[in-house]
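Open the model in your viewer and keep the selection panel at hand.

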Amino acid sequence: MSDYPMTINGRPELGNATFDVVDPATAAPFAKAPICSPEQLDDAVRGAGEAWTRWRTDEGRRRAALRATADVLAGAADELSALLTLEQGKPTAEAIDEIADSQAWFRYYADVDDPAEVLQDDETAHVELRRRPLGVVAAIVPWNYPLTSSSWKLAPALRAGNTVVLKPSPYTPLATLRFGELLARVLPPGVVNVISGLDDLGPLLTAHPQVRKISFTGSTETGKRVAAAAATDLKRVTLELGGNDPAIILDDADPTAIAETLFSRAFENNGQVCSAVKRIYAPRSIYARVVDDLAAIAASRIVGPGSDPRTQLGPLNNQRQLDHVAALVDDARTRGGRIAAGGARIDRPGYFYAPTIVADVFDGTRLVDEEQFGPALPVIAYDDLDATLDLVNSSPFGLCGSVWGDADRAADIAAQLDCGTAWINEHLVQPPNQPFGGARWSGIGVENGVEGLHGFSQPQTFYRPR
Ligand code: NAD
């Protein structure tokens, strides 16, 4: 029997079948999660559809419900963060941060104002641009930040007047299932449904005729399948997909001064962040120092189970991801890449890989071209800044990027990056008011900010003659 129920139309529901949830720090199963049947999926979507008719009518109530949701998260922070560490692998401190971040999203969307825009107000007519909710939203999230990525969807979707069926990743269903149970105490039945299952559940959810919007975060490969599923029924779709963010260092930067920040922006959550720094371009004049400083930090990091308070970097989340990172590093090594730190699995149970810096690699190597999504960072030497800009802008990925050095000069370069977020002397700073989305293969549409709220509504022009 499952250890955690789904929440369907306000009721806790176990599945007829279950799947194992594995602790990445031991590679051993430690809990079971329910497999949602097609009938239960239908109940969840139908329940969300019925709840929508009333939920959409009272914005004041929705704002209050979002505040109550933030309070629920705060009240359950210890329990939820412990679950996150167990199923995801991240250190306890990062799991606690994830709960705090999630609360911030609910509070932001409880408070933000989004009045109708007056387009015309004269002797002929009063014309406004208003927003209407879409209906039932399918929210599908990955395993790296189960609760934050759920909150990025739930908070704006609910505030805009929609109801939601949320599906966590099969690798990390538990904290989200528990969150759903807790939410049933403060939200009307059906407003948020949480279902779990294996990878065949996503396609069933995206194909459901009553779903009107799909908000998906995950890999580019799956995102393309979701887009195809949405197209057959013209469902609205937002896709937050993979990234391969470049950090470009300028020749006036001080490598030692920026090394700690750069490292942490690449290795947060053990590199399993869509918008982490995934490749560094450093000018040849300071290249050796950049590599040495990053390698020294990598070698000093304490890797271990997330539940150990000394741990700075936990395991990867799953065997597939560990194998992927190891394969990219091995490939770089065979192509002449120099392993400046790490470069191997750690010999202990669980999905551990040593924090790795790979020097003397180039575009055209898998570790540089593909998304590693793990603790292995390539550092590429460059001679020509314009050519480097052309290179990063020609990547199929276009999530975020950053430029490091004199702030004015860096701002000029950052303004030429063809991506969704460009930072100057920073990376990975993502508060709830900043729209976030990707160019090209990194996604369609944006989350967060008022722009993200608009992704959960249908614009309506409202024309009243004088
Ligand atoms: P994934 O694409 O394998 O899975 C994501 C979710 O989609 C899971 O819940 C999965 O069960 C579900 N799914 C699988 N097949 C589906 C289908 N055919 N239809 C509908 N749903 C389906 O991704 P992952 O491995 O869990 O996550 C890692 C990826 O997510 C990385 O590429 C990372 O960059 C990306 N990501 C992007 C962002 C962003 O905001 N841009 C944020 C976090 C992660």
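Start by selecting Gln120: its bridge partner in S6 is Val127. Strands, like helices, are DSSP runs numbered from the N terminus (strands E, at least two residues; helices H or I, at least four). This is a predicted model, where local features need pLDDT of at least 70, side-chain atom pairs count only at pLDDT 80 or more, and totals for chains, interfaces and linings use all residues. Residues are numbered from 1 along each chain as its sequence is written, and side-chain values use heavy atoms, leaving out hydrogens and water.

Now select S5 and strand S6 (residues 125-133). Four bridges join them, and they run antiparallel. Two strands pair if DSSP finds at least two bridges between them.

The open sheet has three strands in the order S5-S6-S24, paired antiparallel. Strand S5 (117-121) and strand S24 (457-465) are the edges; each has a single partner strand, so one side of each lacks a neighbour in the sheet.

Zoom in on the polar contacts (pairs of N or O atoms within 3.5 Å). A polar side-chain atom of Thr222 lies 2.7 Å from a ligand oxygen atom. For Trp143, a polar side-chain atom lies 3.0 Å from an oxygen atom of the ligand. At Gly218, a backbone N or O atom lies 3.3 Å from a ligand oxygen atom.

Definitions and conventions. Polar contact = N/O pair within 3.5 Å; in protein donor to acceptor, adjacent residues only side chain to side chain.
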